[in-house]
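This report describes the packing and exposure of selected parts of a predicted model.

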Amino acid sequence: MDTENSQEPATNLNQWMAARAASTSPALVDLSTPGGRIELSGRVLCNWVAKNAGLLDSEFGVGRGTVVALDAPAHWRTIPLALAALALGATLVGPDDHDAELLITTDPGSPAAMDADEVLAVSLEMLALTFGSPLPPGVVDHAAEVRAQPDRFTPSGGDAGRWMHDGVGVGIAQILAEAGAPPVSGESSCVSLPAPSGLPAATVAVLAAGRNGSVVLHGGDELEAAQAASERVTRPAVPWRS
């Protein structure tokens, strides 16, 4: 399928990424970290998804059916990680799921991390090159390892990835359908979303933005009017399955 010219909605993340990577327009703007602003174009976002997929594959063997627990907020570092895990075919669950084979967390000293078989520690510092503090033995430092991964990686997860919601696994095709935007056409809109809405809502908002749309992630309940005007926000995002 020629994703760049097709008007058909994507049914898996490889198709979505092929369309999104063709765009240099903003895909994600993160204002949620105090004192900073990070902007990822569609191309750069997909590079980060590829790097994260390479890390999850090579370091942890994440693939179809791997259960990955997420204990992390919505952030420019964590959204590509969630997309990468889904693209590899993983099942994403909350931090309290004891069947998880890998825990992705911003708190590697938590009880959940201490009990996990494998742990990936993610820093939320704006431009951190390492986690920034000593990590427990066996814990992998995301910031230190992800940059060495290639900018291109084609995950083989197809449509196997799913996100557990209220005890039910929601598959990639359904997530993309509920996101409500084809990957190529559609309006070039910019939506705002509070980071406290959570990582699933932020990830789906990015998927729903289409090829040229963007998501502005902010830390408060509402984005200040001056910031909304500066970022050209057109409307608030509708949280997924709220």
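Gly109 is partly exposed, with a relative accessible area of 46%; buried means under 20% relative accessible area, exposed over 50%, and partly exposed in between, for a 1.4 Å probe and protein chains only. Gly109 sits in the loop between β5 (102–105) and α4 (111–115). Helices here are DSSP runs of H or I with at least four residues, strands are runs of E with at least two, and both are numbered from the N terminus. The C-alpha atoms of Gly109 and Pro95 are separated by 13 Å, the two residues being 14 residues apart along the chain.

The model is predicted, so local features need pLDDT of at least 70 and side-chain atom pairs count only at pLDDT 80 or more, while totals for chains, interfaces and linings use all residues. Residues are numbered from 1 along each chain as its sequence is written, and side-chain values use heavy atoms, with hydrogens and water left out.

**Other loop residues**

Two loop residues other than glycine have a positive phi. Asp166 has a phi of about 55° and is found in the loop between β8 (162–165) and β9 (168–171). Asp166 counts as exposed because its relative accessibility is 71%. For Arg232, phi is near 60°, and the residue is placed in the loop between α8 (225–231) and β12 (235–236). Arg232 is exposed as well, at a relative accessible area of 70%.

Ser189 lies in the loop between α6 (172–179) and β10 (190–194). With a relative accessible area of 15%, Ser189 is buried. Leaving out residues up to four places away in sequence, Ser189 touches Gly213, Ser214, Thr234 and Arg235, where contact means heavy atoms within 4.5 Å.

**Enclosed helices**

Helix α1 (residues 13–20) is largely enclosed by the rest of the structure, because six of its eight residues are buried. These are Leu13, Gln15, Trp16, Met17, Ala19 and Arg20. Their cover includes β1 (26–30), α2 (42–60), α3, α6 and α7.

Helix α7 is also largely enclosed by the rest of the structure, since eight of its ten residues are buried. The buried residues of α7 are Leu199, Ala201, Ala202, Thr203, Val204, Ala205, Val206 and Leu207. Just after α7, Gly210 takes a positive phi of about 75°.

The table gives the packing geometry of two helix pairs. Axes are lines fitted to C-alpha atoms, for helices over the stretch in contact, and angles run from 0 to 180 degrees between N-to-C directions.

| Helix pair | Angle | Axis separation |
|---|---|---|
| α3 (residues 78–87) and α7 (residues 199–208) | about 75° | 10 Å |
| α6 and α7 | about 70° | 8 Å |

The angle makes α6 roughly perpendicular to α7; angles under 35 degrees count as roughly parallel, over 145 as roughly antiparallel, 65 to 115 as roughly perpendicular and the rest as oblique. On the α6 side, Ile175, Leu176 and Ala179 meet Val204, Leu207 and Ala208 in α7. This contact of α6 with α7 has six nonpolar residues, no polar and no charged. Ala, Val, Leu, Ile, Met, Phe, Trp, Tyr, Cys and Pro count as nonpolar, Asp, Glu, Lys and Arg as charged, and the others, Gly among them, as polar.

In the other pair, Thr78, Ile79, Ala82 and Leu83 of α3 meet Leu199, Ala202, Thr203, Val206 and Leu207 of α7. The contact of α3 with α7 divides into seven nonpolar residues, two polar and no charged.

**Nonpolar cores**

A nonpolar core is a set of buried Ala, Val, Leu, Ile, Met, Phe, Trp, Tyr and Cys residues joined through side-chain atoms within 4.5 Å. The largest has 59 residues, and those with the most contacts inside it are Trp16, Leu56, Leu92, Ile104 and Leu120. Not counting residues up to four places away in sequence, Leu56 touches Gly61, Val62, Leu81, Ala84, Ala85, Leu88, Leu102, Ile104 and Leu120. A second, separate core has ten residues, including Ala69, Ala100, Val119 and Val139.

**Aromatic pair**

A search of the whole structure finds one aromatic pair. Rings of Phe, Tyr and Trp (its six-membered ring) pair if their centres lie within 6.5 Å; planes under 30 degrees apart count as stacked, over 60 as edge-to-face and the rest as tilted. The pair is formed by Trp48 and Trp76 and is edge-to-face, at 5.6 Å centre to centre and 70° between the planes. Trp48 is in helix α2 and Trp76 in the loop between β3 (67–71) and α3, so that the pair links distant parts of the chain, 28 residues apart. Both Trp48 and Trp76 are buried.
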